Amino acid sequence: MNVIFLTFYLIAMVVTLLFDIRKLRSQKPPLKRLYYLIFALAFGVYFCFLLGYQIPMPTSFFIHKVSPWVFSKMQH
C-alpha cells in the first residue's frame with residue numbers, strides 16, 4: 001500500500017466516524033458497542049500496518065496453504 005491510499009483510508013475512517021456519531025447517540029448500547037468494536041478493529045489493522053506488522057489475511061492463508069493441498073490431491 002502506498003502513502004496516498006493510507007492517507008485516504010484514514011480520512012475515510014475519520015469522516016465516517018464523524019457522520020455516524022450523530023446517529024449513534026439514539027441507538028441502543030449493544031449496537032454502539034458493536035460499531036465501536038468494528039471501528040477499533042479497522043483502526044487497529046491500519047495502525048499495525050503503519051508499524052510494519054503483517055496481519056495474516058484469510059485469502060493469503062487460502063492461497064498458500066489450502067490451494068496447494070487441493071491441487072496435490074487432484075493430481076493423485
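Helices (H or I, at least four residues) and strands (E, at least two) are taken as DSSP runs and numbered from the N terminus. On that basis, the elements of the protein run α-α-α from the N terminus on, and the secondary structure comes to three helices and zero strands. The model is predicted, so local features need pLDDT of at least 70 and side-chain atom pairs count only at pLDDT 80 or more, while totals for chains, interfaces and linings use all residues. Residues are numbered from 1 along each chain as its sequence is written, and side-chain values use heavy atoms, with hydrogens and water left out.

The C-alpha trace of the protein spans about 60 × 35 × 15 Å along its principal axes. The radius of gyration, taken over C-alpha atoms, is compared with a globule rule of 2.2 Å times the number of residues to the power 0.38. A compact globule of 76 residues would have a value near 11 Å, but the protein has 18 Å. Its accessible surface, from the Shrake-Rupley method with a 1.4 Å probe, comes to about 6,700 Å², and 74% of this belongs to carbon and sulfur atoms. For single residues, buried means under 20% relative accessible area, exposed means over 50%, and partly exposed lies in between (1.4 Å probe, protein chains only). Of the 76 residues, 9% count as buried.

Next comes the way two of the helices meet. Two packed helices are described by the angle between their axes and the distance between the axes. Here, axes are lines fitted to C-alpha atoms, for helices over the stretch in contact, and angles run from 0 to 180 degrees between N-to-C directions. The axes of α1 and α2 come within 12 Å and cross at roughly 165 degrees. That makes α1 roughly antiparallel to α2, a label given to angles over 145 degrees, with under 35 counting as roughly parallel, 65 to 115 as roughly perpendicular and the rest as oblique. The crossing of α1 and α2 is left-handed, which means that the near helix is turned anticlockwise from the far one by less than a right angle; clockwise would be right-handed.

Rings of Phe, Tyr and Trp (its six-membered ring) pair if their centres lie within 6.5 Å; planes under 30 degrees apart count as stacked, over 60 as edge-to-face and the rest as tilted. By this rule the count comes to five aromatic pairs. One of them is the stacked pair of F5 and Y9, with 6.1 Å centre to centre and 25 degrees between the planes. Because F5 and Y9 are four residues apart in helix α1 (residues 3–24), about one helical turn separates them. F5 is partly exposed at 43% relative accessible area, and Y9 is also partly exposed, at 30%. Y35 and Y36 form an edge-to-face pair, at 5.8 Å centre to centre and 75 degrees between the planes; Y36 is partly exposed at 38%. F5, Y9, F43, Y46 and F47 form one aromatic cluster.

V3 is found in helix α1 and is exposed at 63%. L18 also has its place in helix α1 and is exposed at 54%. L18 and I63 are 45 residues apart in sequence and 37 Å apart in space, C-alpha to C-alpha. L31 sits in helix α2 (residues 29–51) and is partly exposed at 41%.
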